[in-house]
Structure formats: C-alpha cells, structure tokens
Amino acid sequence: MSFVHSSPRVYLGHGLETAGAWLLGALWILPLAYAIWTAFHPGEYSTHFVPTAPLTLDNFGRAWAAAPFARYFLNTMLLCAMILAAQLVLCTLAAYAFARFVFPGRNLLFALVLLQLMVMPDVLIVENYRTMGALGLRDTIVAIALPYMASAFGIFLLRQTFKTVPKELDEAARVEGCTPLQVLWKVYVPLARPVYLAYALVSVSFHWNNFLWPLIITNSVESRPLTVGLQVFSATDQGIDWSIITAATLLTSAPLLIAFLLFQRQFVLSFMRAGIK
Amino acid sequence: MKRSTLWGWFVVVALAALSGATLAQAPVEISFYYPVAVGGPITKLIDQFAADFEKENPGIKVKPIYSGSYQESITKALTAVKSNDAPTTSVLLSTDMFTLIDEEAIVPFDPLIKTPEDQAWLRGFYPAFMENSQTGGKTWGIPFQRSTIVLYYNKEMFKDAGLDPNRAPATWKEMAEYAQKLTKRDASGKVTQWGVQIPSSGFPYWLFQGLTTENDVQLMNAAGTETYYDKPAVIEALQYWMDLTSKYKVHPEGIVEWGTTPKDFFERKVAMIWTTTGNLTNVKNNAKFDFGVAMLPANKRRGSPTGGGNFYLFKQAKPEQQAAAFKFIKWITSPARAAQWGIDTGYVAVSPDAWATPVMRKYVADFPPAAVARDQLQYAVAELSTHDNQRVTKALNDGLQAGLTGTKSAEQAMKDSQREAERLLRPYRK
Amino acid sequence: MTRSAQWLYGWLLLLPAAVLLALFTHYPAVATLWHSFRSTPRGSRASTFVGVDNYAQLVDDPIFWQSLTNNLWFAIGTIPLSITLALLMAVWVNGRIAGRGFLRLAYFTPTVLPMIAVANIWLFFYTPEYGLLEQITGAFGMPAHNWLGSKNSALAALMVVTVWKEAGFFMIFYLAALQQMSPQLAEAAAIEGASRAYFFRRVTLPLLMPTTLFVLVNAVINAFRLVDHVVVMTRGGPDNATELLLYYIYEIGFRFWDSAYAAALTMVLLLLLGVVALLQFWFLERKVHYQ
C-alpha cells in the first residue's frame with residue numbers, strides 16, 4: 001500500500017482520518033475521564049476543571065460507607081456466575097442436540113428457540129414478575145437469573161460452531177466407544193473454546209450492567225445487584241452529588257474495566273475465532 | 001358424665017391453659033416497614049427507638065424492616081398484602097392513602113382510639129398533616145416523617161443586588177421583582193445568575209401546589225374523587241410560573257431538574273430556590289455562603305403542600321398486633337420522641353407540643369431556619385392525592401411540563417390535564 | 001445409533017433449556033395475550049373478562065401513541081448512526097492508525113460502564129449553565145440551551161447517549177470480521193490502483209454483510225429494550241417527550257399497578273418485534289446463507 005500513501009492528497013486524507021478517529025475517541029472516553037476527575041477531587045471541583053485542584057480519596061470512602069456496596073458486589077458476582085454457568089451448560093446441550101441429532105420437531109423447536117432473540121425477557125417484565133410471585137421467588141437472585149438462563153443467542157452461536165466440527169472427528173470418537181455426552185465433552189467443547197470465551201464476555205458484561213428487570217424483581221439489600229444499588233443510592237430527595245456518584249461508578253465498574261484492559265487482545269481474538277458475524 | 005362431655009371439658013381447660021400461657025410468655029411481634037435505605041444513620045435511630053420501646057413494653061417485640069425508597073416500600077407492602085404476608089404497620093407516603101384503601105390493604109385507626117387521652121393525642125397533630133390522613137370521616141394514617149416546601153436564598157447575592165439579606169420576598173410580586181434584581185447577564189446578554197428556580201422534573205405537581213395554594217385554590221376534593229386542574233385560579237398559578245421565564249425572564253427556560261437544583265444553588269447560578277425542608281442539612285453543609293430560609297411567598301394567601309410519610313395499619317395483622325402497633329405509634333409520635341426525630345433528621349416535627357419541648361426550643365434558638373417550616377405549617381394544605389393517585393398526578397405533571405416547555409398555553413395545558421383526570425376518576429364516583 | 005435413540009437424545013439434551021424457555025418466554029407471551037383481555041384485580045374486586053376494553057383504552061391513550069412514535073424516532077435516530085460509527089471505528093482501529101491501543105479502549109469503554117451510572121454522568125454533561133456541554137458551547141459564544149428540559153431536544157439528547165453506549169459494542173463485531181479478511185485482497189487492490197474508498201465500497205462492505213445484519217438485529221432489539229437512561233435522566237418527561245414503550249409499560253405495570261393495561265401494551269411491543277423478526281427472516285433468506 002506504500003506507494004498509494006505517497007500522494008499528498010491521500011496523505012492529507014489520512015491525516016484527517018486520524019484526527020477524526022481521535023476526536024471520536026476523545027468524545028467516547030469523556031464520561032470515563034469525567035468520572036475519574038470528579039471521583040478523585042473534592043466536591044467543589046466536580047464542575048470546575050482546574051489543574052491545580054487537590055486530590056482526595058474521600059469520595060470513595062463516603063460512597064463505600066453510604067451503601068452496602070460489598071453486599072451488592074457479592075450479589076452481582078453471584079448473579080453473573082449463576083447465569084453464566086447455567087447458560088454454558090444449557091446452551092451447550094441444546095446446541096449439540098440441534099447440531100448433531102435428528103429428531104421430530106427439530107426445526108419447529110429451533111424456530112421457537114430463535115423467537116427469544118426477539119421476545120427477550122426484558123420485554124416480558126409484567127408476566128415474569130407474576131410468575132416469580134407464583135414460584136415464591138420474588139426478591140431473590142435466582143429470580144433475576146432464571147429468565148436469562150436459557151439463551152437463544154448462546155444456543156444459536158454454539159450450534160453454528162458445532163456444525164463446523166468435522167463429522168469424521170465425531171465418528172472416530174464414537175468408534176472408540178464414547179457415548180454422545182463424552183463425544184460432546186471431548187470433541188465439541190474443546191474445539192469451541194474461543195466461542196465460549198467470547199460468549200462469556202458478552203454475557204458477563206450484559207448481566208453486570210443489566211438494570212430494569214433486577215430493579216423490578218428485587219427490593220432488599222440481600223438480592224439487589226450493583227446497578228440497582230447504585231440507582232437507589234443516587235436517587236435521593238436531596239439532589240445529586242456527582243462526587244459520590246462517580247466514585248461509586250468507578251467502584252462498580254472497575255472489575256469489568258480492568259478485565260477488559262487485561263484481556264483486550266484475547267477478547268477481540270476470541271471474537272474473531274468465534275466467527276461471530 | 002358422658003364421655004364426650006368429659007372430652008369437651010378437657011379441651012376447654014387445655015385451650016384456656018394454653019392461651020393463658022401464650023399471653024404470659026410469647027410477646028406480640030409487630031413488623032414494621034420503614035422507607036429508608038439500609039445502612040444510613042436513620043436506621044440507627046429507628047433501631048434505638050424500637051429498643052427503647054421494647055424496654056418500656058416487655059410484652060411487645062418491634063421488628064423494623066428497612067424497605068428502601070418510598071416507591072420500593074409501597075411495592076413491597078402491596079406485594080406482601082397479595083401474598084398474605086403483610087407487615088403490621090408501615091410508614092408510606094401520605095398520598096398512597098387512597099391506593100391502600102382501594103387495595104383493601106389497611107384499616108382505619110378509629111376503632112383503636114377509645115380513651116379521651118387517645119382522642120387528645122389525635123387532636124395534637126398539625127391539622128395540615130391530618131388532611132392527608134383522614135377521608136370519609138375516618139383516620140387512616142398517622143403523620144410521622146413529614147416535610148413542606150420552603151424558599152432558600154443566597155444572602156450574599158441579596159446584598160450585592162442592594163436587597164435586605166434578612167428579608168425574603170413575601171409576595172409573588174416581590175419575588176418577581178427581587179428576582180429581576182438578582183438576575184445577572186454578561187455582555188452578550190447571556191444569563192450568568194438566575195433570580196429564582198422552581199424545579200419541574202419528576203414531580204412538578206408538588207411545587208405547583210405551593211403556587212396554587214398561595215392563589216387560594218384547591219386541586220382536589222377531600223374524598224379524592226375530583227380534581228380542579230382547570231379552575232381559573234389554577235391556570236393563573238401556572239401562568240405566573242411560566243411568566244417567571246417568559247415575561248420577567250428570571251427563571252431558566254424549560255424543565256428545571258429537581259436533582260440538580262441544590263447544586264445550582266451551591267454553584268451560585270441561582271439566587272433563590274424552592275425545595276423541600278428535607279434539604280436543610282444538605283444546604284447547611286454545602287453552601288459556601290450565608291444563606292437564608294423563608295416561607296414561600298404569598299399571593300392571595302401563604303401556603304405550601306405537605307409531603308412525606310404516614311404510619312398505616314394493615315388489615316391482615318391480628319387484632320392484638322394492631323393494638324400493639326397502635327401503642328408503638330402513639331409512643332413514637334409523642335412530643336419528646338417527635339422532637340428528637342425532627343432534630344436528628346430534618347423532618348418537620350408533627351405536633352405543636354413537640355415544638356414546645358425544651359430540646360426543640362434550644363435547637364431552634366441555635367438554628368432559627370429550622371423553625372421556618374413549623375411557622376409555615378399553619379398555612380399548609382394536604383399534598384395532591386386522589387384515587388388512582390399516580391396516574392391522576394401524572395396527568396397534572398404532563399400538563400405542567402407542557403406549559404413550562406412552551407408547547408401549550410397555561411389554559412390549554414390545564415384543560416387537557418383536567419380532561420385526563422376526569423376520565424381516570426369517573427369510576428370512583430358512585 | 002438407532003433412530004429412536006437419536007430422538008431420545010435430541011429431546012433429552014434439549015429438555016432443560018426448553019423448560020426454561022417455555023416458562024419465561026413462551027408462557028409469558030401467551031399469558032400476556034390472555035391478561036390483556038381481562039381487567040386488573042383491585043382489592044376484593046377480582047379480575048374479569050373485559051374483551052377488547054384494554055385495547056380500546058390503548059387506542060384512546062395519547063401517551064401510548066406518543067411513546068410509540070417516540071420509540072420509532074428513537075430507532076431511526078440510533079440504529080443507522082450507531083452502526084455507521086461502529087464500522088468507522090472498526091476500520092480505524094484495524095488499520096495502522098496512531099494510538100490504536102488507546103482508541104480501541106476509548107471506543108469500547110461505554111460497553112463496560114453500566115448505563116445506570118453513566119446516565120448520571122451524562123446528566124451533568126447536559127446540565128444547563130455549568131454542565132460540560134454548556135461550558136463548551138459557552139466558550140464558543142453559543143446560546144445556552146436546556147438539553148433535557150426542552151421538548152424538542154430531550155429525546156435527541158437520550159439518542160446521543162444510546163449511540164455512545166452502543167457503537168463501541170458493535171465495533172467489536174466489525175473488528176473481528178475485518179481481522180478475518182485476507183490482507184492479500186487489499187494489497188492486490190492497491191497494486192491495481194483501486195482507491196481505498198472504492199475497495200471499501202466494493203469489497204469490504206459486501207464481505208461485512210453478515211456482520212451488519214447481526215449488528216442490525218441487536219440494534220433494533222436495543223432500540224426497544226434499552227430504557228435505563230430514561231429512568232435516570234428524564235423519567236419520560238418533559239411532557240412525555242422521552243416516553244419510550246418499554247418505559248411506559250414499566251410505569252403502567254409497576255407504578256400504576258395496572259397489570260392488564262400493561263399486558264395490552266406489551267402485546268403491541270411483541271407485535272412490533274414480531275414484524276421486525278419476520279422482515280429479518282425474509283431478508284436473511286434472500287441475502288445471506290446462514291447455515
């Protein structure tokens with residue numbers, strides 16, 4: 001490509017593009033930058049950006065003391081772990097069935113599964129709230145998790161992946177006397193590892209940040225995830241205190257942010273290998 | 001003696017022994033939803049109250065359950081009622097009274113109020129608080145953590161504008177005039193400091209009710225079946241609010257966010273704000289200038305709505321639990337406790353007797369702004385509350401926001417709100 | 001394996017997922033339909049069959065119509081813009097741009113930050129007088145504007161937040177797809193003298209078609225699913241200017257406790273999503289082979 005770049009017009013174009021990319025980047029990072037600024041400075045600097053402003057960690061202390069964030073963290077982690085574990089197992093089994101077994105009603109059932117791509121649980125809040133009441137599960141972490149455990153997206157994704165596994169591998173394993181479940185475990189699951197990773201990242205970042213359904217179904221500290229806790233804590237009669245809110249925001253999203261920083265490359269790579277398109 | 005009779009006697013004796021034993025041993029437990037997020041300083045106060053009460057009343061156990069915001073608490077309470085697991089008592093918004101009655105969740109206090117002493121206690125509350133607690137001749141709620149709207153102003157700005165820093169505007173006209181003097185513009189004509197701000201996001205009806213009361217008009221009837229959103233005096237009140245922006249140009253355009261209003265005040269972007277008395281401590285801690293607190297200005301009269309929560313008694317509780325809860329409510333609203341509560345939280349103490357206690361007198365002497373809310377109570381009225389409350393209120397909120405954003409005239413906006421409220425309330429008029 | 005063993009295995013493997021899907025997707029969808037023909041129980045008044053009353057109320061409800069049009073505008077305003085930006089971002093961070101690592105991080109941060117938290121931060125950006133946006137526009141001598149407090153800009157302000165939130169997420173999908181494309185293609189094109197723009201239009205874009213479709217599905221769903229910022233920033237105001245369908249369902253269902261009317265509203269949303277799904281299947285059939 002080098003000689004194309006040598007023409008001055010193209011060079012200028014490239015410069016413009018870089019500038020555009022950086023402008024967009026600056027815009028995109030702005031809320032995070034603001035959160036960092038405000039969280040580490042005293043309240044009066046939350047709206048004034050003076051380079052000489054003194055630094056402080058007070059806001060974190062105040063935020064941590066103002067709400068049971070430790071408990072909320074625990075709840076969110078439990079929630080994400082519970083959902084992910086269930087999704088991995090359930091979607092693997094279902095995807096395997098759709099990919100490699102012939103049974104009556106397969107196409108109809110697959111269509112019914114795909115329906116969830118559109119009719120997601122977030123829309124069915126009123127009925128699911130009723131159902132949880134009937135099951136006696138309201139205000140529990142399980143209730144937040146249940147509607148998301150069987151994920152159409154996961155089933156679809158894994159089915160696509162399993163279909164690319166060469167039939168010969170499957171047959172070879174069976175000749176060696178493996179049961180279908182052993183074949184799944186020894187042949188399919190290892191080959192789909194990048195897909196699992198990509199899916200896990202999407203799932204965790206979705207449920208870590210999910211809000212409306214947990215807001216509806218929980219109303220105690222024991223079951224509330226971080227997002228709802230954050231909302232309860234920031235919506236006061238006394239008005240907004242951005243210093244505390246930004247400190248709490250950084251606290252709550254730190255794990256995901258750090259994880260992304262550390263695994264950035266693997267993240268994109270796994271998406272690539274997963275061939276999610 | 002026939003055998004069956006013998007058995008009968010046996011059962012009766014056994015039952016009597018058993019019930020006697022329970023009366024003597026098992027204390028009556030009352031569960032109590034309290035609308036506050038867990039972990040705050042208020043929970044400690046409530047826990048202390050419960051412990052003190054139990055010490056004085058060995059037969060009763062009080063179990064406070066901290067249920068989050070008001071919105072969450074009503075949700076939790078109604079859900080509990082539907083699954084037959086209601087608390088004995090709960091503090092919920094005074095405006096939820098009709099909703100709770102319609103859901104048949106609560107019982108009136110009247111059967112429990114028997115002695116002359118009880119009646120005197122009931123008469124001891126400020127009448128403004130009782131308006132939201134009684135309907136159809138019955139008392140359904142007991143005021144506990146209540147608030148009203150007051151005006152906070154920046155004394156330094158008053159001085160700069162040549163106004164007396166110890167005299168807040170007393171009338172609508174004065175407020176507009178003061179605000180004109182307090183509004184500052186830069187060379188390009190852009191406003192750098194507004195005269196006054198009345199928040200209009202979320203629940204503008206509450207602040208609007210300050211204006212309508214001052215214009216001497218009611219927004220609803222006591223039965224909660226009718227609203228009067230389109231009365232001329234109501235339209236006039238909205239017109240005044242809109243004029244602050246369009247005619248006097250002393251109030252920011254569009255919707256003013258409730259949540260950022262205190263911050264606007266601290267940032268010296270506005271000289272006067274209307275907000276809840278519950279903000280007193282917040283303003284005291286964060287305003288880096290000398291500030292004043294005053295009653296809302298009058299037009300035809302002074303006035304403000306009340307706000308905040310009442311005690312309710314749940315229908316599903318057993319009679320002995322209800323009686324025990326009643327005892328607890330009487331105890332916690334007694335002057336000494338109510339005074340302490342007001343000082344510790346910033347809520348308005350609910351009875352004149354509470355304000356007469358020595359602790360309260362001393363507190364007011366040290367911090368005079370605390371008394372403003374009390375002095376305003378004699379002019380206060382019940383917060384807007386009807387059947388199907390949230391929706392009927394939303395109808396008004398929408399109209400107010402339409403007027404304030406300039407999409408409808410004051411008259412059109414209020415007529416539309418009234419039409420919607422009429423439609424919603426028709427089923428409740430029999 | 002015998003045929004019946006195949007059947008048995010297939011069904012058994014599917015069973016756990018199927019039970020949960022049936023319980024929390026199919027049953028509630030059907031139950032919503034059922035409840036939309038009944039009245040809301042209140043106190044001792046039980047729920048009764050009311051026919052199409054709830055739907056009649058819906059037709060007469062101006063707020064419903066407004067939330068529907070708001071939602072359509074919201075979809076039109078957010079979907080194409082977030083997809084275009086995502087593609088642009090992906091192309092940039094896939095190329096040899098200065099500061100690629102930082103840009104990748106910058107573009108992606110909105111995905112990891114909870115909407116509920118950043119909405120509070122955006123609230124500050126939009127605050128009149130001293131908010132960040134005002135500080136910037138003020139520096140350029142532009143007139144002040146109350147972004148969230150005016151009917152004509154509140155919805156647009158929320159759209160910006162949504163685009164900001166989504167573009168970075170979609171970028172990842174484009175990035176993954178771009179990295180799979182063979183670099184020889186671009187080199188060959190360059191030697192032939194094809195401009196980058198021509199190459200992008202004629203080669204890259206068509207190759208990215210499946211990704212675009214996947215992203216599109218997600219964007220459409222999110223346009224109807226994402227209301228977190230409404231809860232924090234405007235609560236549907238001013239005067240319903242930012243009332244979106246799902247938020248209205250939430251209000252009716254959980255603040256007004258009118259579950260029957262909420263069911264009727266949910267049916268509208270389901271119908272809408274159903275139409276979108278059909279369109280997509282039809283499109284998929286014709287354009288892409290997905291097996």
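**View 1. Chain A as a run of helices.** From its N terminus on, chain A of this predicted model runs α-α-α-α-α-α-α-α-α-α-α-α-α-α, which amounts to 14 helices and 0 strands. Helices (H or I, at least four residues) and strands (E, at least two) are DSSP runs, numbered from the N terminus. Residues are numbered from 1 along each chain as its sequence is written, while chains are lettered from A and ligands numbered from 1 in the order in which they are written. Because the model is predicted, local features need pLDDT of at least 70 and side-chain atom pairs count only at pLDDT 80 or more, whereas totals for chains, interfaces and linings use all residues.

View 2. The C-alpha atoms of chain A fill a box of roughly 75 × 70 × 30 Å along the principal axes.

View 3. The mean pLDDT of chain A is 85, and 92% of its residues reach 70 or more, pLDDT being the predictor's confidence in each residue, from 0 to 100. Over residues 1–6 of chain A, however, pLDDT stays under 50, and the model has 7 contacts beyond four places in sequence for them. Where pLDDT is low, the predicted coordinates should not be read in detail.

**View 4. The two domains of chain A.** Chain A is divided into domain 1 (2–59) and domain 2 (62–274), with bounds that come from an automatic or database domain assignment. The centres of the two domains, taken over C-alpha atoms, are 32 Å apart. Their contact takes 8 residues from domain 1 and 9 residues from domain 2, two residues being in contact if their C-beta atoms, placed from the backbone, lie within 7 Å. On the side of domain 1, the elements that give two or more residues are α2 (8–39) and α3 (58–66) of chain A, and the largest share, 4 residues, comes from α2(A).

**View 5. Chain B against chain C.** Here 26 residues of chain B are in contact with 23 residues of chain C. On the side of chain B, α3 (70–82) and α18 (389–404) are the elements that give two or more residues, and α18(B) supplies the largest share, 5 residues.
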